[in-house]
Protein chains: 2
Amino acid sequence: MIMDNFKVTPWEVSGTIDYDKLIRQFGATKITDQLKARMSKAAGNDPHHMLQRDFFFSHRDLDLALNDHEKGKGFFLYTGRGPSKGMHIGHLIPLMFTKWLQDAFKVNLYIEITDDEKFLFRREYDWKEVQKNAYDNILDIAAVGFDPDRTFIFKDSEYIKNVYPLLMRTARKITGSTVKAVFGFDDSTNIGLSFYPAYQVIPAFFEQKRCLIPCAIDQDPYWKIQRDVAEGLGFVKAAAVHCKFLPPLQGITGKMSSSAGSETAILLTDDEKTVKNKINKYAFSGGQSTVEEHRRMGGNPDIDVSYQWLKILFEPDDSKLKKIHDDYKSGKMLTGELKAVLIEKINAFLKEHREARKKAEKDVDKFMYSGKLAKEMWERTYE
Amino acid sequence: MIMDNFKVTPWEVSGTIDYDKLIRQFGATKITDQLKARMSKAAGNDPHHMLQRDFFFSHRDLDLALNDHEKGKGFFLYTGRGPSKGMHIGHLIPLMFTKWLQDAFKVNLYIEITDDEKFLFRREYDWKEVQKNAYDNILDIAAVGFDPDRTFIFKDSEYIKNVYPLLMRTARKITGSTVKAVFGFDDSTNIGLSFYPAYQVIPAFFEQKRCLIPCAIDQDPYWKIQRDVAEGLGFVKAAAVHCKFLPPLQGITGKMSSSAGSETAILLTDDEKTVKNKINKYAFSGGQSTVEEHRRMGGNPDIDVSYQWLKILFEPDDSKLKKIHDDYKSGKMLTGELKAVLIEKINAFLKEHREARKKAEKDVDKFMYSGKLAKEMWERTYE
């Protein structure tokens, strides 16, 4: 989707994103307070702050997925990741929300590692490098703590044989015009990349139920294609729930780089000192230029990246968040103090993540091969 | 390749084909008498009549493959088949010539069964039907009598995982423009079919040697692509040896239908009576309209389909063929007599083929899974 002031495609996000405009252009639907309330109730009255605070803000057929759940038909989850050299904190967001959904609804989850797509898109990568990144990313994903018997993590290159007939059926229904229009491909695009969207559609056909896809909104074009071909292939149109992008450190109106530079993001491998330095040095502040001015005029949490990160990721407690908001806005809390709160939160989060990642090393086999769902999936061929 | 009076693409052959023009347009090279002599000598002074009689008439780098053979580097063979509902006699030609090459040079042979391509091209086929046809065709192929320890027959859908990384590397080097220009695809082509040429290129990379591909000339566009990308991927440019098309029964200037109707071809399943009826009823004759005229003016073997079939396929003995040619031309041999010779030859051939096909049922496993080469191939992954 290329708009006047911003661009959102699966491979590039830039400019100041107008999310309302994006919803209209994609033909998605804003999540209403009523739908939020339904979700929270269905999830056992345990709402997720990313939904409550409109970070997950848009959807397709989320209401129908809830209907299916309520009727006992159920649904399943699908999300994915294009393996990169090191993940940053923003990459975990759809995964964390997905974990909440899995825990709340006790459903199967499929996680596609798109090693092929990453290789096809990035001419500078060699295959071994992508595989190394894939394994590294899978450890970070496994660390999020999904149910090992209800989760199947697979690499496209490894699972290809099991889906190949269905992949051919799907590809036969998608023309070159469609992928040009939807993804902005042209005749200079390599034939691998033009073909790839067919594969990203496939996991939404893994069960004869509605698939719910938690993802950043830039992935929506794929689900548009899935929804166009699903019924003709004998499957259900996928539902999706879309999140916004985590603002980069440099500022919420700044440019989001797809290959997140180490200065715009907190990497999952950053140590305590690095986190402290990055936040103090780069996190765009909504505060005033001197302490005196700040005490007098207060800060602006709406444009303060540290506050936004707390809101989106690190302070799920509404009353604590409100106090920070009010104190910062009134000038009672200084930028340095706000940053100190965030630094502590991030470091605690990363410490826990690294421990979970360590433990996940032995769970990876369950997610990929030996867990209940994984085992079933390896015995299955999709025609 | 679409010319003024004929069209030759991997999916359509029509019109009166000017083979010299085709060679020039494809940028291939005519096989000279000198090269024929080299081939026969290298093959142990056992020439093949299809080569001697210019049915295999064009090549790319066949001389270099011979050089490699003479230097002890060797080469390997690759051919393939898009599975169809029943094979006809013409389909066996490249396979019979390939068997001769394998026997003469004692080399490995890879036979790609392009179930994916057939499914992608033919919207009316379902996957199961293509698989059924594939198994049926594989039996006919195995019946040709290849070396079970030096031959690997594989279906694209089955071997996909083993080649997927290399397939991605290859696809990354081929643009949409290229497949449009080479195959006449356009934006209404489905993304599976546009992607498929990458897979047909892959078996030419199975060994770090020169690959020699015996095939009908309509397949040449694929080798053009292989030759464009091979060296950049660290492989050798493929060599090819091209045959003409077996004329359909209705006449050597007639239209060759890709889905050979049962009236234009002899199917491998045709019984003796059917063969007799088809030849007598449909085989275009170069004879005169009455016996008297024929005795006086003689027949024209150059346009007589029965004679051409004997020349191409069924009468390898040069002196016997010459006698038929001269007797028919002089009017000594009548059309009915010529047809009777062909009918007997075809029925003897089909009887032998059916017996070989029966025996081949137990060899299929060797070709596909358990023979020496097949076993090695299943343990291999191409990156």
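This is a predicted model: local features need pLDDT of at least 70, side-chain atom pairs count only at pLDDT 80 or more; totals for chains, interfaces and linings use all residues.

The points below take up the pairing of the chains, then a sheet, then a pair of helices.

1. Relation of the two chains. Chain B can be superposed on chain A by a rotation of 180° with 0.0 Å of shift along the axis, and the RMSD is 0.0 Å. The two copies are therefore related as by a two-fold rotation axis. Within chain B, the C-alpha nearest that axis belongs to B:Lys161, at 2.7 Å from it. Both copies use the same surface, since 100% of the contact residues of chain B recur in chain A.

2. Where the chains meet. On each side 30 residues are involved: 30 of chain B are in contact with 30 of chain A. Four helices of chain B each supply at least two residues to the side that touches chain A, namely α6 (115–121), α8 (156–171), α9 (176–183) and α10 (191–195). Of the elements of chain B, α8(B) gives the most to this side, with eight residues. By class, the side of chain B that touches chain A holds 13 nonpolar, nine polar and eight charged residues.

3. The sheet in chain A. Seven strands of chain A form an open sheet with mixed pairing, in the order β3-β4-β9-β8-β5-β6-β7. The edges are taken by β3 (29–30) and β7 (151–155) of chain A; each has a single partner strand, so one side of each is left without a neighbour in the sheet.

4. In chain A, β5 (residues 75–81) and β6 (residues 109–113) pair in the parallel sense over five bridges. A:Leu77 has A:Leu109 in β6(A) as its bridge partner. Helix α7 (residues 127–142) of chain A packs on the sheet, where α7 touches β5, β6 and β7 of chain A. The direction of α7 makes about 155° with that of β6(A).

5. A helix pair in chain B. Helix α13 (residues 272–282) and helix α17 (residues 335–370) of chain B pack at an angle of about 145°, and their axes are 10 Å apart. The crossing of α13(B) and α17(B) is right-handed. From α13(B), the residues B:Glu272, B:Val275, B:Lys276, B:Ile279 and B:Asn280 meet B:Lys339, B:Leu342, B:Ile343, B:Ile346, B:Asn347 and B:Leu350 of α17(B). The residues of this contact divide into six nonpolar, two polar and three charged.

Technical notes: Residues are numbered from 1 along each chain as its sequence is written. Chains are lettered from A and ligands numbered from 1 in the order in which they are written. Axes are lines fitted to C-alpha atoms, for helices over the stretch in contact, and angles run from 0 to 180 degrees between N-to-C directions. A crossing is left-handed if the near helix is turned anticlockwise from the far one by less than a right angle, and right-handed if clockwise. Two residues are in contact if their C-beta atoms, placed from the backbone, lie within 7 Å. Ala, Val, Leu, Ile, Met, Phe, Trp, Tyr, Cys and Pro count as nonpolar, Asp, Glu, Lys and Arg as charged, and the others, Gly among them, as polar. Copies are superposed by least squares on the C-alpha atoms of residues with pLDDT of at least 70 in both. Two strands pair if DSSP finds at least two bridges between them.
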